[in-house]
Amino acid sequence: MTGTISDIELMDTAIRASSRGLGRTSPNPVVGAVIVKGGKVLAVAPHAEVVVLQKAGRQARRSTLYVTLEPCNHVGRTPPCTEAILAAGVRRVIVATRDPNPHVTGGGIRRLRAAGVRVDLGVNRVAAEHVNRAWLHYITRGLPYVTLKVAITADGCLATKSGDSKWISSESARTQVHRLRDQVDAVLVGAGTVRADDPRLTARLPGGRSPLRVILDGRLRTPRRAKVYGPGHLVFTAVKPGRGDRRRIEVLPGKNGRLSLRRVLSRLAELDVVHLLVEGGAEVLTELIELELWDELRIFVAPKLAGPEGIRWFQGHSAKRMRDALGLGGFGLLLGAAPDASLIVERAGRQPV
């Protein structure tokens, strides 16, 4: 980490501003900016350089701009941010992380330096990249960043032997899930989850937004009146839909009614899904883990026991010895306490450096 204490604190403010854009900027990154002059913060904004410069107005001349991602120097959906910075007369730009987008990387910094603007790179880089981890994954690998979410009992079950799962977790844990849905582009479940739980998969928060609801239904057997089939849904199937089926359906190649999850993820990337939340069921979660098509795992553990006949959330690899156990290859962070604890696992080495 580089920069003075004040630089680090001001970049942290920009990073917090960037997080307000999660789930709302795809397929673009989340970006935050702060503009400072004479030790005074003139403006803070997400979305980011142009907005903060507009807020600062004429006071932006000879100011310092803190921005979480390298300013772009190409024409996309908006004009180049570098030109707005130069037109405003900013004298110094502090950048948290370089943009890995091949259309951008290094170009924005070079353009500003060539025009006489002082540019410092790397302040709070790790924190900035963590907030933007989904987009960084998407832009460098061409696939959505996949977060797996599961609520389980203390003995590892996501349902009782009859299939009942309401409710394993507490209301506070469910609120966390609604916040997570608000910050992703799409949420995905398998057909079994739709039939068993009839979920809505919406983000029920004041001022929140609901993601695209994606259903894997290889044989197209889920009820057409399921709650998930409100506005903003997409069904992937391997069979041709019947006449009069008004659901939004895409047919992908499949074998014996089974869809390729790699194909599903590729198609979602084409649809600008940067961050995908997968909420079940056990078959889908297991396959994604075994195929290593996941990036983050969030487990909500409730202080309950379903017993030996409960339905386990992971139904794949069975190890005879502990040394043969399937490693998740990441690091874990335990959050919260009773009535629920939340375990977050991020796969090691997944983030661009």
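For patches I took residues with over 30% relative accessible area and no salt bridge, joining like charges within 9 Å. Lys and Arg count as positive, Asp and Glu as negative, and His and the chain ends are left out. This is a predicted model, so I kept to its limits: local features need pLDDT of at least 70, side-chain atom pairs need 80 or more, and totals for chains, interfaces and linings use all residues. Numbering starts from 1 along each chain as its sequence is written, and side-chain values use heavy atoms, without hydrogens and water.

Entry 1. I found a surface patch of positive charge made by Lys37, Arg61, Arg62 and Arg91. Arg62 sits in the loop between helix 2 (49–56) and strand 3 (64–69); helices (H or I, at least four residues) and strands (E, at least two) are DSSP runs, numbered from the N terminus.

Entry 2. I looked up the salt bridges (a side-chain nitrogen of Lys or Arg within 4 Å of a carboxyl oxygen of Asp or Glu), and there are 19. In one of them, Glu83 meets Arg111 at 3.1 Å, N to O. Glu83 is in helix 3 and Arg111 in helix 4, 28 residues apart.

Entry 3. Arg133 pairs with Glu296, with the closest N and O atoms 3.0 Å apart. Helix 6 holds Arg133 and strand 15 holds Glu296, 163 residues apart. Are these two buried or exposed? Both Arg133 and Glu296 are buried (under 20% relative accessible area; exposed is over 50%, partly exposed in between, with a 1.4 Å probe and protein chains only).

Methods
Patch = residues over 30% accessible without salt bridge, like charges linked within 9 Å, V, L, I, M, F, W, Y side chains within 5 Å. Areas by Shrake-Rupley, 256 points an atom, 1.4 Å probe, with all protein chains shown as cover. Charge placed at Lys NZ, Arg CZ, Asp CG, Glu CD.
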